[in-house]
Amino acid sequence: VAAMKPRKMVNLVNGISKVDLLMDNHALWKSMAKAAVQLSKQMNVRDISGCVNAFSKAEFLLSSEQLWTTMGEAVKSLRGVMGTMELGLCVNGFSKAPGLQTDHYLWEVLAMAAESVARQMTGQDVSNCVSGFSKVTFLRDYAALWSALVPAAVRTLPRMSPQSLAMCVHGFSKVEYVLGLDSLWLALAHAAVAMATQLNPDSVGICWKGFSRVNLLRNYDALSAALGGGEKTARAAVIQSDRLVQRSPTF
């Protein structure tokens, strides 16, 4: 594997990460991780983000100090110069590796990059960033970062997937600064009501957990009905939620 070019190795590891039967093949994953470490200096940003995304799905590798330190150093050497998709994949992937939680320089590089490209992000990019950054305790107080991600989330909400919406609700709910932004939570609640029938059980649970931390939404019957009921209840909830539409956010 180490004799491969970085792009081929990244394509291979991404393919493996999509096959459930191979996720427990530790020997295979270890050989891929070893190759990634050896090839890291030849990787471009797309290769690095592809590796971070794929390796973060192999739970037993999350504690591999050598792998994650190497990937983190590769990103630091780029000084955060990357596209919005690569940035989102790196933020979300790195946030799952316990050993990187205290690498302040890495997270500051990623946070500053997110601030500068937030206006170009898609819904998937925003949700990856919100989910990842919210797991890094010291970044929850970084107001400039959240001030950039909140309008990005509102802008992309109409085209956001149900899974991305759930990730945003869950991530934003961990950030004290964001909990008081009523217009954001009204927008997220309205989107959840509109998408309720498309949310899978995991996403419903994640939404419940996030929304339950927001005092403003505790008495929104439309939201409770949409997340707790079936298709009919959700349709009725959309009709009931006109008041959420009327109070849509302005940024």
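**Salt bridges and a buried loop serine**

Glu73 is partly exposed, with a relative accessible area of 43%; here buried means under 20% relative accessible area, exposed over 50%, and partly exposed in between, calculated with a 1.4 Å probe on protein chains only. The model is predicted, so local features need pLDDT of at least 70 and side-chain atom pairs count only at pLDDT 80 or more, whereas totals for chains, interfaces and linings use all residues. Residues are numbered from 1 along each chain as its sequence is written, and side-chain values use heavy atoms, with hydrogens and water left out.

Three salt bridges are present in the structure, a salt bridge being a side-chain nitrogen of Lys or Arg within 4 Å of a carboxyl oxygen of Asp or Glu. Glu73 takes part in one of them with Lys76, where the closest N and O atoms are 3.0 Å apart. Both residues belong to helix H4 (residues 65-77), and because they are three residues apart, about one helical turn separates them. Helices (H or I, at least four residues) and strands (E, at least two) are DSSP runs, numbered from the N terminus. Lys76 has a relative accessibility of 13% and counts as buried.

Lys76 also meets the side chain of Asp103 in a salt bridge, at 2.9 Å from N to O. This pair links distant parts of the chain, since Asp103 is in the loop between helix H5 (84-94) and helix H6 (104-117) while Lys76 is in helix H4, 27 residues apart. With a relative accessibility of 17%, Asp103 counts as buried. Through shared partners, the salt bridges join Glu73, Lys76 and Asp103 into one network.

Another salt bridge is formed by Asp47 and Arg7, with 2.8 Å between the closest N and O atoms. Asp47 lies in helix H3 (residues 45-55) and Arg7 in helix H1 (residues 6-16), so the pair ties together parts that are 40 residues apart in sequence. Asp47 counts as buried at 4% relative accessibility, whereas Arg7, at 24%, counts as partly exposed.

The loop between H1 and helix H2 (26-39) contains Ser17. Ser17 is buried, its relative accessible area being 8%. When neighbours within four places in sequence are left aside, Ser17 is in contact with Met23, Trp29, Ala54 and Lys57, contact meaning heavy atoms within 4.5 Å.
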